[in-house]
Amino acid sequence: MNPLSEEQKRLDAHYAGKKDWLKWGPYLSERQWGTVREDYSPNGTAWDYFPHDHARSRTYRWGEDGLAGISDHYCNICFGLALWNGKDPILKERLFGLTGNQGNHGEDVKELYYYLENTPTHSYMKHLYKYSQNEYPYVELVTENAKRGNDDLEYELLDTGIFDDNAYFDVFTEYAKADNEDILIQITVSNRSKKPAPLHVLPTLWIRNFWSFEDMPKKPKITKQLRDGKFFVSVDHVYVGSYNLYFDDATQLLFTENETNDEKVFKMPNDHPYKKDLFHNAVIENDFAVATENDEGTKFAPLYELNLAGGESRSIRLRLTAGTLEHPFDATFDTVFDKRRKECAAFYETQLRNSGTTYNEIQKQAFAGLLWTKQYYNYDVERWLYGDPKEPLPPVERLDGRNHTWKTLRNHDVMLMPDNWEYPWYAAWDSAFHCTTMALIDPRFAKEQLLLFTKEWYMAPNGQIPAYEWAFSDVNPPVQAWAAINIYQTEKSKTGKGDTSFLKRMFNKLALNFTWWVNRLDSHQKNVFQGGFLGLDNIGVFDRSKGIPGNGTLEQVDGTAWMALYCLNMLEISLELALEDDSYDDMATKYFGHFVYIAEALNKISMEYEGTWDEREGFFYDKLILPDGRYAPIKVRSIAGMLSLVAVLTIKKATLDKLPKFEKSVHWFKKHRMETLKYPVIQEFAEGDDLLLSLVPKDRMQVLMKVLLDEKEFLSPYGIRSLSKVHEKPYTIKIDGTEYSINYEPGESTTSLFGGNSNWRGPVWFPMNYLFIHAIKEYHRYCGDDLKFEYPTGSKNELGLHQISIELSKRLIKIFEKDADGDRTVNALYKAKYQDEYFKDLILFYEYFHGDNGRGVGAAHQTGWTALVTNLIEEIH
């Protein structure tokens, strides 16, 4: 066994309670404005109520945001960057992007930034922001995107020309922890132009404002100090403790308060001039009188006025520490940075199987992105609905508005966000995939994160798991049990021991959620499920979350498949637990039986009921049932219909031998269901064999696999498409006189369903591909190499299931690999720019990928579930 890396030792010390290495991290959001929790409007107009233009001047209630920033784990004390190139109308202290109403495909960040390095304890972190030396085109980005329609590409920052001739700065922000509460900070600015250029840098320390909303025992403050001719500041915070911030000699020391500029935002008189946006006015107007007249405040920045020659780089050093240091920048400063950089590399070398391969850079940046998207998330719905003691009462309309039924939800945690700017809030099913990847490097965090969704301050009393802040009552796919067993297996494979306590805690609470699903989403009590939205946004011909046309119900193949998968996951957990605690044996039988009933319902054809399988077309279609009893299939060939393949589990004979009571139940089910059913789902199992549980019987599985691997349908050069390519010819259906249609759209969405910023009508999505690949591997565990398919369909090139899973993984991985010309598919729209020496090694992990050419689409920093590429790389090795 390899010796423990220094980073692993820190992780172990943290989880043993010896030292809190996770008190400080990248927990500062990249966007707090435009979020639901900051919205106090009567009718839920979040984007308009707190826009970007207010963010620099108005105090946030539920968090903070900043650029390349950090905070303590409750976001009490924050640190981030502010920059000014001498031309912008405001300081660059937060990322800018279009709102959901402004973008031609919904909200979209319009910045260039990259997550380069990070470790699980955040002992070393590195961030890159590219800042133009030309004026930032705020107005141009809004107006040009407004001219564009759903069929047009988005107008991006690189399209504006402000980075032409390399007229920009690379701003690297690095953090290294000398100890758990001693954080070294180095900001390195490189002028990539050949010409000299000025830059103002304001490393900013500030305190989150509670005092404007509720009483505090003592108002925190930041105070200027002088020792041995050197200035520094001290921080005194009643909730966090005392800290000192040391910094290199600066041009100016600026102080203000983190309080709303009422005059600017609300046209009301200010009680004093020291407001949140004071530094903007001071720097841009070159008037520092007010910002320098105080020696204390709740927001502070040393100002550095740099003039960099062409190609020159300059560094600024700071140190945030709980200690008092005589020489904060002695030789140990550089020594600590060098040591932490090496330890970061060593950690990943010990954790990853492919160290030194061409995949290393992909994995390193994917993990960095995943870790950088840890964000403090605070939302107390009851307090949000009724207001704060020191604030006016919110509008009464809110009491019947968004999330009003979720008064028990009180979130106050560090969460893995899908994308820190575009989606700065958790989504229940996204988080399950985030945790699946996190388990590769920090399984304890992954487990604790997943467990949060089962806590009483998340899960509703009826067992429902909150979806996301825009609508907690929406229904996300129930993948928490799937994630739980995967995390368990990942940790067990690394350590040799599985955490059954974690499995029990998940299982016991998920049993409530499972019951909620059964009681709420099987309206006809036939084990065929509805579900509505189910995370796949615009995949249907109509918006499945807003009622069904004709007042009917929609029996959803994906709803039923998700529940079948849920059954199998709960069964697998039960079996694992039953091996050491036979009280779980009965639960294994319960979930086994429920799975059988669901599988029968999906597949059967009988006198009184027709299933969703179309024998002639060889596909599962959703079925619309109208109030008068009429029904019609919705013949859309999408991954919703393919999802039935995912619900599969192989139970090995060795497990059955150890659980004779469960094995006896299996034989009973087989005997009695075989006697009464036309289409049995337990058809090949015999005593002494492994047991395969598959939502679809073998003959239908083979039909679906041929479709899945058909390049004229689902198989893209870059993975599995979300909608079959046969829908290049649109599918149309008329319901109650209204015509609905859907067509294959491999890139951006051409509809406005769910804001238009996501598209499930053709692109490739990593989470769904990961599920399909895992299912194929599970079939292989049972069938071995005996079952083969043409890959691709029609090629006469037959491969076994294991090899097919590898080939599919490679298609997905190559999105991020450099080809022979040095191009990465993900950068297809900007190939020339990413050939540049300062761009060529930078990787963005988009939300989804073009179904034909593989370019990145949607949120550009969704290293949440797109970080699954690291799992694929690990698994093919």
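**Notes on cavities and rings**

1. The largest cavity in this predicted model holds about 400 Å³ of space. Its lining is made up of 26 residues, and those closest to the centre are Glu-156, Tyr-830, Leu-844, Tyr-846 and Ala-860. Two or more lining residues come from each of β5 (108-109), β6 (112-118) and β34 (856-857).

2. By residue class, the lining of the largest cavity divides into 15 nonpolar, 4 polar and 7 charged residues. Across the whole structure, the search finds 11 cavities of 30 Å³ or more.

3. Turning to the rings, there are 63 aromatic pairs in the structure. One of them joins Phe-163 and Tyr-168 edge-to-face, at 5.5 Å centre to centre and with 65° between the planes. Phe-163 is buried, at a relative accessible area of 2%, and Tyr-168 is buried too, at 0%.

4. Phe-592 and Phe-669 also form an edge-to-face pair, 5.2 Å centre to centre with 85° between the planes. Phe-592 belongs to helix α15 (residues 585-603) and Phe-669 to helix α18 (residues 660-676), so this pair ties together parts 77 residues apart in sequence. Both Phe-592 and Phe-669 are buried.

5. A cluster linked by ring pairs contains Tyr-40, Trp-62, Tyr-377, Tyr-379, Trp-384, Trp-406, Tyr-426, Phe-453, Tyr-458 and Phe-472.

6. Charged groups also sit over rings. The charged end of Arg-58 is placed over the ring of Tyr-49, 4.6 Å from the ring centre. For Lys-374, the charged end lies over the ring of Phe-445, 4.1 Å from the ring centre.

How values were computed: Residues are numbered from 1 along each chain as its sequence is written. This is a predicted model: local features need pLDDT of at least 70, side-chain atom pairs count only at pLDDT 80 or more; totals for chains, interfaces and linings use all residues. Side-chain values use heavy atoms; hydrogens and water are left out. On a 1 Å grid over the protein atoms alone, a cavity is a set of points where a 1.4 Å probe fits but cannot get out, and a pocket is an open set with protein on both sides within 12 Å along at least five of seven lines; lining residues have an atom within 4 Å of a point. Grid points are joined across faces, edges and corners, and a volume is the space filled by probe spheres set on the points. Helices (H or I, at least four residues) and strands (E, at least two) are DSSP runs, numbered from the N terminus. Ala, Val, Leu, Ile, Met, Phe, Trp, Tyr, Cys and Pro count as nonpolar, Asp, Glu, Lys and Arg as charged, and the others, Gly among them, as polar. Rings of Phe, Tyr and Trp (its six-membered ring) pair if their centres lie within 6.5 Å; planes under 30 degrees apart count as stacked, over 60 as edge-to-face and the rest as tilted. Buried means under 20% relative accessible area, exposed over 50%, partly exposed in between (1.4 Å probe, protein chains only). A charge sits over a ring if NZ of Lys or CZ of Arg is within 6 Å of the ring centre and within 35 degrees of the ring normal.
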